[in-house]
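Please keep the viewer open as you read, and look up each residue as it comes along.

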Amino acid sequence: MDIPADAPEFSAPGPLLVACPCLAEDRTSPAMYDLHDYARMIADEARMGPYVQALQAVVTPGSVVADVGSGTGIFALVACRLGARRVYAIETGDVIQVGRELARENGVADRIVFFHGDSREVELPERADVIVSDLRGVLPLYREHLAIVADFRTRFLKPGGVLIPARDRLMVAVVERPDLYEWAVGPAHGPIGVTLESMRARLRNATFADRECDRLRPECVVTTAAAWATLDYATVQPLPIAGCAELRVQRQAIGHGLALWFEADVTGECGFSSASAQLNCYGRLFLPWPRPLALSKGDQVDVDLWAQADGEPWGWNSTVTAVDGARAAFKQSSFLSMPSKPVASVRDARSATLSQETGS
Ligand SMILES: C[S@@+](CC[C@H](N)C(=O)[O-])C[C@H]1O[C@@H](n2cnc3c(N)ncnc32)[C@H](O)[C@@H]1O
């Protein structure tokens, strides 16, 4: 298959795999991750490697390090191995107990101070030379990630201190994946002739993480890839993010929608891509088009994207300008996928009851 030269790698070719949910857990789950998820995050060399390299580059004997959202305390333990004088590990979940046990096992319990609670309610006795975290989900726009980083950086990073990661670039490309599209928008029919178009109309405006089916792979990318926004953690605030990108179709294909992933600069020197072949922790986000669209090599696809800082709702406008001048334009938002708010439902139910009672 013809793969564009600058197409991102999504995952290794091979048997069909369902992506590991690690950093892409259920948003509604009260306990964010289970211990298997934490173990897999540590085992994910493509993620851990650049984090360890970044810590090696900046942690010196005498450093003060803060590990925000420490989970098992893996970054705190690495910082101790590198000679940090004091490490603060802050974690809301009960997994902090595993961190304490690992600190004892590794003989560094006297250097790590654990805080069991929300980082925004913690008071450290000193500022840190290094703040390290990985609070992303499928993408960095996830829950209160940006708010947590902005708060902790402002209150506890020394002047000239280092943030790990330094920045994330949010990437986009058009993909061809008929099976993923059908999976994302759901079946057209239910049993014995029931039709489901109203549900599909909503689902065509819903974002979809590829962990729920076979992953997006390099061969399904049909355009150039581009960054549409950059999150610089030295300055980022928990505000809506918006940006645009101009993509060029690389081969004849049917476009089914947009794939989003991120490229991390863990420090200036090292990084990773959530589209990379080895990476298991993160997923990719699929934003379907309202309908599959035939594309030809050389067509231009202009995309506008925006999202709230916590990743919902999303908006995506796509304009396809064919080489022959024909145009197709889609304006979509995950807001349109959401069923009516309960207050509206109550009002609808009341008026329905009233009209039944009055016979109007
Ligand atoms: C993706 S895990 C990363 C765990 C570990 N740092 C690692 O890289 O393996 C993110 C962790 O941040 C914790 N967390 C999320 N928000 C937090 C907050 N406001 N304060 C402290 N911990 C938080 C979660 O409970 C979770 O354990």
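This is a predicted model: local features need pLDDT of at least 70, side-chain atom pairs count only at pLDDT 80 or more; totals for chains, interfaces and linings use all residues.

**Backbone spots to check**

- Ile192 has a positive phi of about 35° although it is not a glycine.
- Ile192 lies in the loop that links helix 6 (178-185) and helix 7 (197-203).
- Arg143 also has a positive phi, about 45°, and is not a glycine.
- The loop between strand 4 and helix 5 holds Arg143, and this residue is partly exposed, with 16 other C-beta atoms within 10 Å.
- As background, most residues other than glycine have a negative phi, and most peptide bonds are trans.
- Ile164 and Pro165 are joined by a cis peptide bond, with omega about 5°; Pro165 sits in the loop between strand 5 (157-164) and strand 6 (167-175).
- A cis peptide bond also runs from Glu312 to Pro313, where omega is near -5°; Pro313 belongs to the loop between strand 13 (300-307) and strand 14 (314-321).

- Strand 1 is largely enclosed by the rest of the structure, because five of its five residues are buried.
- Val64, Ala66 and Val68 point one way from strand 1, while Val65 and Asp67 point the other way, and all are buried.
- Strand 1 (residues 64-68) pairs with strand 2 in the parallel sense over five bridges.
- The chain gets from strand 1 to strand 2 by way of helix 3, and this β-α-β crossover is right-handed.
- Within that pairing, Ala66 stands opposite Tyr88 of strand 2, and Val65 has Val87 as its bridge partner in strand 2.
- Strand 1 also runs parallel to strand 4, joined by four bridges, and Ile131 is the bridge partner of Ala66 in strand 4.

- How many of the residues of strand 2 are buried? Six of its six residues are, so to speak, under cover: strand 2 is mostly covered.
- Both faces of strand 2 are covered, with Arg86, Tyr88 and Ile90 buried on one side and Val87, Ala89 and Glu91 buried on the other.
- Strand 2 pairs with strand 3 (residues 112-116) as well, in the parallel sense and over five bridges.
- Between strand 2 and strand 3 the chain passes through helix 4 (residues 96-105), and this β-α-β crossover is right-handed.
- Ala89 stands opposite Phe114 in strand 3.

- Helix 2 (residues 45-58) has 14 residues and reaches 20 Å from its first C-alpha to its last, close to the 20 Å expected at 1.5 Å a residue.
- The buried residues in helix 2 include Arg47, Pro50, Tyr51, Ala54 and Leu55. Their arc around the axis is only 140°, which puts them on the same side of helix 2.
- Helix 5 (residues 145-156) has twelve residues and reaches 16 Å from its first C-alpha to its last, close to the 16 Å expected at 1.5 Å a residue.
- In helix 5, the buried residues are His145, Leu146, Val149, Phe152, Arg153 and Phe156. These residues cover an arc of only 145° around the axis, which puts them on the same side of helix 5.

**Gly137, a buried loop residue**

- Gly137 is found in the loop between strand 4 (128-133) and helix 5.
- Gly137 counts as buried because it has 20 C-beta neighbours inside 10 Å.
- The C-alpha atoms of Gly137 and Tyr282 are separated by 6.8 Å, although these residues are 145 residues apart along the chain.

**Around the ligand**

- Which residues come nearest to the ligand? Of the 22 residues around the ligand, these are Met41, Gly69, Gly71, Gly93 and Ser119.
- Helix 1 (35-43), helix 3 (74-81) and strand 2 (86-91) are the elements that each give two or more residues to the shell around the ligand.
- Helix 1 supplies the largest share of this shell, three residues.
- By type, the shell around the ligand divides into twelve nonpolar, six polar and four charged residues.

Methods
Residues are numbered from 1 along each chain as its sequence is written. A residue is near a molecule or strand if its C-beta atom, placed from the backbone, lies within 6 Å of it. Ala, Val, Leu, Ile, Met, Phe, Trp, Tyr, Cys and Pro count as nonpolar, Asp, Glu, Lys and Arg as charged, and the others, Gly among them, as polar. A residue is buried if 20 or more other C-beta atoms lie within 10 Å of its own, exposed if 12 or fewer, and partly exposed in between; C-beta atoms are placed from the backbone. Two strands pair if DSSP finds at least two bridges between them. A crossover is right-handed if, with the strands pointing away from the viewer, the path from the first strand over the helix to the second runs clockwise. The expected span of a helix is 1.5 Å times one less than its number of residues. The arc is that of the directions from the helix axis to the C-beta atoms.
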